[in-house]
Amino acid sequence: MPEVEIDKSKTSESANTLGKECVVGRFITEEEGWKIVKVAATWEGTPYSRIGANSVKGIKGDCSGTTNKIYVEAGFSYPYQSTASFETYVNASHRFREVDKTKIAMQAGDILFWPGHMAIYAPFPEGDPRRDTGLMKAGKKKMNNMFTAHNENSTRNYDAYNIETFRGDPYRVFRYLILPSAKDC
């Protein structure tokens, strides 16, 4: 059956779908993203240890392990990927799509990705005690807007943090894509 490439994912030619509308998939909603943030909050206080897939809530974990376990617990499963393999997995599986944050607003639950690190976007609402960092940058108050593991050089456990003050290099944003099952297409 011939395939057509649509935004880096493949689907059948419309003539081959027997009249059914073929849905390539959909991004998780903001509400679904908040499920991810809610689970991430349960990891607060988890000490850092570079153990990847062996991360355990409340015991120890690193950025890729906690992110994977949080997504799975929230109902958005994907096989564990280290930060080194994450982009390759995204390109092969189409389970996540990169979001151009200059064109599309980030939403709760998005993965923030730097070389060697990943975190979960959590735009804490006003009144949430995790929101206030007490930090100032260039004369402006900075609010926490992500959950992250830190690293072996930090004394911080998994917690809320501010994206801008975390690292100086640019980050990319990935959003979970719910793929259609065989019966959908």
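**View 1. Packing of the buried residues of helix α1.** In this predicted model, the buried residues of α1 pack against β3 (26-27), α2, β6, β9 (146-148) and β11. Those buried residues are E32, G33, I36, V37, V39, A40 and A41; buried means under 20% relative accessible area with a 1.4 Å probe and protein chains only, exposed over 50%, and partly exposed in between. Contact here means heavy atoms within 4.5 Å. Helices (H or I, at least four residues) and strands (E, at least two) are DSSP runs, numbered from the N terminus. With twelve residues, α1 reaches 17 Å from its first C-alpha to its last, close to the 16 Å expected at 1.5 Å a residue; the expected span is 1.5 Å times one less than the number of residues. Residues are numbered from 1 along each chain as its sequence is written. Because the model is predicted, local features need pLDDT of at least 70 and side-chain atom pairs count only at pLDDT 80 or more, whereas totals for chains, interfaces and linings use all residues; side-chain values use heavy atoms, with hydrogens and water left out.

**View 2. The largest nonpolar core.** A nonpolar core is a set of buried Ala, Val, Leu, Ile, Met, Phe, Trp, Tyr and Cys residues joined through side-chain atoms within 4.5 Å. The largest one holds 30 residues, of which Y71, F96 and F147 touch the most other members. At least two residues of this core come from each of α1 (30-41), α2 (63-74), α3 (83-93), β5 (111-114), β6 (117-121) and β11 (172-178). The largest share, five residues, is supplied by α1.

**View 3. Surroundings of F147.** Leaving aside residues up to four places away in sequence, F147 touches V37, A40, A41, E44, A119, I120, A122, F124, R130, Y158, D159 and A160.

**View 4. Y176 in strand β11.** Y176 has its place in strand β11 and is buried, with a relative accessible area of 4%. Not counting residues up to four places away in sequence, Y176 touches R26, F27, I28, Y71, F76, S77, R95 and F96. The C-alpha atoms of Y176 and I111 are separated by 8.3 Å, although these residues are 65 apart along the chain.
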